[in-house]
Each structure stands twice: as structure tokens, then as C-alpha cells.
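Grab a pencil and work through a few exercises on the model below. Try each task yourself before you read its solution.

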Amino acid sequence: MYAIKLWCYAKVRVDLSAKLPTKIPSCVTLLLVLMVPAPAASGSTKGWLITMQPRLPVNGSPLLFRIKPPKAVEQLSGKWLGHEIPFNFDPATKTWFGFAGVSLETRPGSYTFQVSATRKNGDPISFGRPVTIGKAKYKRISVSVSKKFTEPSADQLRTISEDKQTKEALFNRVTPEREWSGNFRAPVRAPVSDVFGTERVFNGKVQSYHQGLDYGVPSGTPVSALNSGTVILARNLYFEGNCVVIDHGQGLLSLYLHLSEFAVKEGQRLKRGELIGLSGGTGRATGPHLHVAVRWQGVYLNPATLLSLTLPADLTP
Ligand SMILES: [Zn+2]
């Protein structure tokens with residue numbers, strides 16, 4: 001049977017009067033200080049200050065690590081859940097920071113964040129710190145879709161396969177340098193109509209997870225870039241319709257689906273808030289809306305959490 005990753009094929013009503021399970025508490029700006037002893041270390045790790053946002057990450061969370069070494073280091077990198085994390089240095093605060101995330105599939109528990117650095121005298125230093133991942137409570141909903149979504153024709157399968165190659169080539173890339181600056185901003189001024197992580201059930205069986213945020217905006221609504229970056233894709237894809245993907249650096253991408261019109265070209269550099277296109281209902285969407293997704297090193301993350309983070313701005317690259 002052909003397995004299809006369905007994006008945004010159905011407009012779904014969700015009770016938004018209920019408290020969103022993924023809502024980040026207002027104390028998100030309070031940074032959790034990980035001062036627990038390192039499980040494995042080389043060299044002295046005394047005085048290293050490691051903080052992160054959000055304070056209580058769950059599966060699906062973006063995660064910003066900040067590291068302040070007791071003395072200056074030449075370079076610094078991290079390892080987290082099997083991913084290499086590039087870090088950038090902010091001379092003003094003498095802090096290194098890097099973007100990471102936790103996949104939807106990650107089970108709750110304690111995981112080691114591994115730090116490697118080189119001191120000014122050339123000595124290497126390496127140590128780990130435990131990070132606790134909680135379990136997100138995502139909604140479960142039932143949807144019904146037409147057969148054309150689950151049983152595409154041979155021609156459609158060919159298009160889907162070509163799209164898959166395009167996406168694989170682009171979506172897993174990591175540009176180590178940071179292009180984003182400051183907080184991420186919502187792409188439209190409208191309420192969210194479907195949250196991230198919703199389990200979609202067909203005939204009593206979970207078939208897919210909603211891997212972005214939906215905004216129920218009418219066709220023709222201006223859509224803006226979540227943050228600064230470079231457009232790496234602006235073209236029509238089978239499921240996604242007219243789709244724009246922005247590379248924000250540090251392994252972070254934002255995706256905008258089902259657009260009616262493009263306002264950008266591939267290769268174009270954008271500032272946060274710049275127009276990228278108009279919303280629509282192209283691709284596998286039953287009605288006009290905007291689907292926004294965030295990827296970090298091949299993993300879909302909750303855009304709502306990203307939008308709630310307080311991030312460093314106007315730093316030297
Ligand atoms: Zn969607």
C-alpha cells in the first residue's frame with residue numbers, strides 16, 4: 001500500500017475554547033538553569049551556565065540552548081538527540097546559543113545534552129547535562145477524506161515522487177550560520193484554526209499528525225515571513241500547493257502552504273515580516289487557509305512554541 005504523508009488535506013473544526021495543551025506558560029522567559037552535575041566530563045566544567053527555552057520542553061518543542069562558559073572558548077558545539085547543533089557566539093553577552101528541537105516521536109524522559117568546546121589554550125573540554133522532556137497532550141480528531149487523497153493515480157504518484165525528491169534535497173539541509181534575528185512573528189493576524197500535533201484518525205486508526213499550525217484566513221490574505229532568512233523553495237507541489245520555504249539558518253526552516261500567489265523567488269533574502277505571498281487553497285486543501293510548519297534538521301516542531309520564545313536579536317552573525 002502506498003503510504004502518503006498528508007499535510008493539510010482537510011479543513012478541521014477544533015474547539016479552541018479549550019485550553020491548548022501546547023500553550024507555553026507565561027514563565028517561559030524564565031530560563032531553566034541546568035546546574036546539576038555532569039554525568040561525563042573531560043576537564044573542569046565548573047562555572048558553565050547552560051540555560052534553555054522553553055523551560056519545560058515536550059515532544060514537538062523547539063529548544064534554544066544558551067551557554068556561558070566561565071572563560072572564553074575558541075569554538076563550541078553541541079549534540080542533542082543524535083543531532084549536531086551549531087552554536088553562534090554573542091560577544092555582547094559572552095554567550096553561545098544554538099537552536100535545537102524535540103521530535104514528536106521522542107518519549108518523555110531524561111536525555112543528555114552534550115557540549116564540546118576548545119579552550120583558548122587549545123585544550124578540549126566535553127561534558128553532558130541532563131534535560132528532562134515532558135509529554136505533550138495533543139488533540140485527537142476524526143476526519144474523512146475523499147479517495148483521491150489516499151489512492152492517487154499513476155500520474156499523480158509520479159508527481160508526488162518527484163516532489164518527495166525535491167523536498168528531501170532541501171528540507172534536511174543545515175545552514176550553520178544564523179539568519180534569524182529576534183523573536184519569530186505570526187505570518188498573519190488571525191486566530192489559529194488547528195494546532196500542531198493533532199492526531200488524525202481514520203476508521204479508528206491514527207494515520208497522521210498535523211505537523212503545523214492552520215490559520216483560517218480567506219484566500220488573498222497577505223502572508224509574511226516568520227523571521228529573516230533565504231527563500232529555498234517557491235513553487236507548486238502536489239500536496240502542499242503553492243509552497244514557500246525559508247531557511248533561517250542553524251538548521252531551522254519555515255514552510256507556508258496552499259498559497260494563491262507568490263511574492264518571492266527562490267534565492268531571495270528576506271527580513272522578518274516581509275510579504276512572501278497571498279494565502280489560498282491550492283494543493284490538497286479543501287478550503288482556503290494558511291498552513292505554516294517549522295522544521296529543524298528534518299524534524300517538524302511546534303510553530304506556536306517557536307512564536308512564544310524570547311530570542312536574541314541584532315547580534316553579529
Ligand atoms: Zn494544516
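This is a predicted model: local features need pLDDT of at least 70, side-chain atom pairs count only at pLDDT 80 or more; totals for chains, interfaces and linings use all residues.

Residues are numbered from 1 along each chain as its sequence is written, and side-chain values use heavy atoms, with hydrogens and water left out.

**Exercise 1. Get an overview of the protein chain.**

Start with secondary structure: the protein chain has three helices and 24 strands. Helices (H or I, at least four residues) and strands (E, at least two) are DSSP runs, numbered from the N terminus. Next, look at burial: 51% of the 317 residues count as buried. Buried means under 20% relative accessible area, exposed means over 50%, and partly exposed is in between (1.4 Å probe, protein chains only).

**Exercise 2. Work out how the rings of phenylalanine 89 and tryptophan 96 are arranged.**

First, the rule: rings of Phe, Tyr and Trp (its six-membered ring) pair if their centres lie within 6.5 Å; planes under 30 degrees apart are stacked, over 60 edge-to-face, and the rest tilted. The whole structure holds eleven aromatic pairs. For phenylalanine 89 and tryptophan 96, the centres are 5.0 Å apart and the planes are at 45°, so this pair is tilted. Elsewhere, ring pairs link Phe65, Trp80, Phe87, Tyr111 and Phe113 into a cluster.

**Exercise 3. Find the largest nonpolar core and say where it lies.**

A nonpolar core is a set of buried Ala, Val, Leu, Ile, Met, Phe, Trp, Tyr and Cys residues joined through side-chain atoms within 4.5 Å. The largest one has 52 residues, and Phe65, Trp80, Phe113, Tyr256 and Ile276 have the most contacts inside it. Both domain 2 (49-133) and domain 3 (140-308) give residues to this core, so it lies between them. Those domain bounds come from an automatic or database domain assignment. There's also a second, separate core of 16 residues, including Phe171, Ile232, Val245 and Leu255.

**Exercise 4. Which residues have a positive phi without being glycine, and are they buried or exposed?**

Keep the background in mind: most residues other than glycine have a negative phi. Lysine 94 has a positive phi of about 50°. Lysine 94 lies in the loop between strand E7 (88-90) and strand E8 (95-101), and at 54% relative accessibility it counts as exposed. Glutamine 250 also has a positive phi, of about 55°. You'll find glutamine 250 in the loop between strand E18 (241-249) and strand E19 (252-259), and at 0% relative accessibility it counts as buried.
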